[in-house]
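This note sets out numbered remarks on the structure shown below.

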Amino acid sequence: MNSPREKILILDSDEPARLRLLELLQSAVYDVYVTSDCRQALETARIESVDLVLLGTNLPGGECWQVLTELKGAAATEATQIIVLSSGGTAERVRAVDLGADDVLPQTAEPRELLARVRVQLRR
């Protein structure tokens, strides 16, 4: 009997980045949901019970921090692992961890490292 595949949600405002991540994660046999809309991401995370969120910090108006806080603060999604994909420096990475991110990677992380970090988070 096949075990269910892990579900990963990508929330990023950069379409080429979303498509690159989608292709990478699908090739690694994950079920992947993709959006650039914060409300849709929160709803998908809750309804689909996603296992992990890849959250880009390039969302307008600092919306990524609100999404991170809401996901970690809601009973239905607090156990969801979140990897923040940072386009900023140390201060941004520290903020992500302080707000509850489970891991932080540069937006330009190498695909093999990204997949390794995804596997680590999904084992938790």
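1. Cys 64 is buried, with a relative accessibility of 1%; buried denotes under 20% relative accessible area, exposed over 50%, and partly exposed the range in between (1.4 Å probe, protein chains only). The model is a predicted one, in which local features need pLDDT of at least 70 and side-chain atom pairs count only at pLDDT 80 or more, while totals for chains, interfaces and linings use all residues. Residues are numbered from 1 along each chain as its sequence is written, and side-chain values use heavy atoms, with hydrogens and water left out.

2. The structure contains 0 disulfides, a disulfide being a pair of cysteine sulfur atoms within 2.5 Å. Cys 38 takes part in none, and the nearest cysteine sulfur, that of Cys 64, is 8.0 Å away. Seen from Cys 64, the closest cysteine sulfur is that of Cys 38, and the 8.0 Å separation is too far for a bond. Cys 38 is likewise buried, at 9% relative accessibility.

3. The secondary structure of the protein chain amounts to 5 helices and 5 strands. These are DSSP runs numbered from the N terminus, with helices (H or I) of at least four residues and strands (E) of at least two. Along the sequence, the order is β-α-β-α-β-α-β-α-β-α. With a radius of gyration of 13 Å, close to the 14 Å that the globule rule gives for 124 residues, the protein chain is as compact as a globular protein of that length. The radius is taken over C-alpha atoms, and the rule is 2.2 Å times the number of residues to the power 0.38.

4. Some totals for the protein chain follow. Its C-alpha atoms fill a box of roughly 45 × 35 × 25 Å along the principal axes. Buried residues account for 43% of the 124 residues. Of the contacts with a separation of 6 or more, 63% join residues 24 or more positions apart, contact meaning heavy atoms within 4.5 Å.

5. Which residues touch the most other members of the largest nonpolar core? They are Leu 55 and Val 84, in a core of 20 residues. A nonpolar core is a set of buried Ala, Val, Leu, Ile, Met, Phe, Trp, Tyr and Cys residues joined through side-chain atoms within 4.5 Å. At least two residues of this core come from each of S1, H2, strand S3 (52-56), H3 and strand S4 (81-86). H3 gives the largest share, 5 residues. Apart from this core lies another, of 18 residues, including Ile 8, Tyr 30, Leu 105 and Ala 109. In soluble globular proteins, nonpolar side chains tend to be buried together.

6. Two residues illustrate the packing. Leaving aside neighbours within four places in sequence, Leu 55 is in contact with Leu 11, Cys 64, Val 67, Leu 68, Ile 82, Ile 83, Val 84 and Leu 85. Thr 44 belongs to helix H2 and is buried at 15% relative accessibility. Residues up to four places away not counted, Thr 44 touches Leu 9, Tyr 33, Ser 49 and Val 50.

7. There are 6 salt bridges in the structure, each defined as a side-chain nitrogen of Lys or Arg within 4 Å of a carboxyl oxygen of Asp or Glu. One of them pairs Lys 7 with Glu 48, whose closest N and O atoms are 3.9 Å apart. Lys 7 lies in strand S1 (residues 7-11) and Glu 48 in helix H2 (residues 38-48), so this pair ties together parts 41 residues apart in sequence. Lys 7 is partly exposed at 24% relative accessibility, as is Glu 48 at 27%.

8. Asp 102 and Lys 72 form a salt bridge with the closest N and O atoms 2.9 Å apart. Asp 102 is in the loop between helix H4 (90-98) and strand S5 (103-106), whereas Lys 72 is in helix H3 (residues 63-73), so the pair links parts 30 residues apart in sequence. Asp 102 is partly exposed, at 27% relative accessibility.

9. Arg 117 and Glu 113 meet in a salt bridge with an N to O distance of 2.8 Å. Both residues lie in helix H5 (residues 111-123), 4 residues apart, about one turn of the helix. Salt bridges that share partners join Asp 103, Glu 113 and Arg 117 into one network. Arg 117 is partly exposed at 28% relative accessible area, and Glu 113 is partly exposed at 34%.
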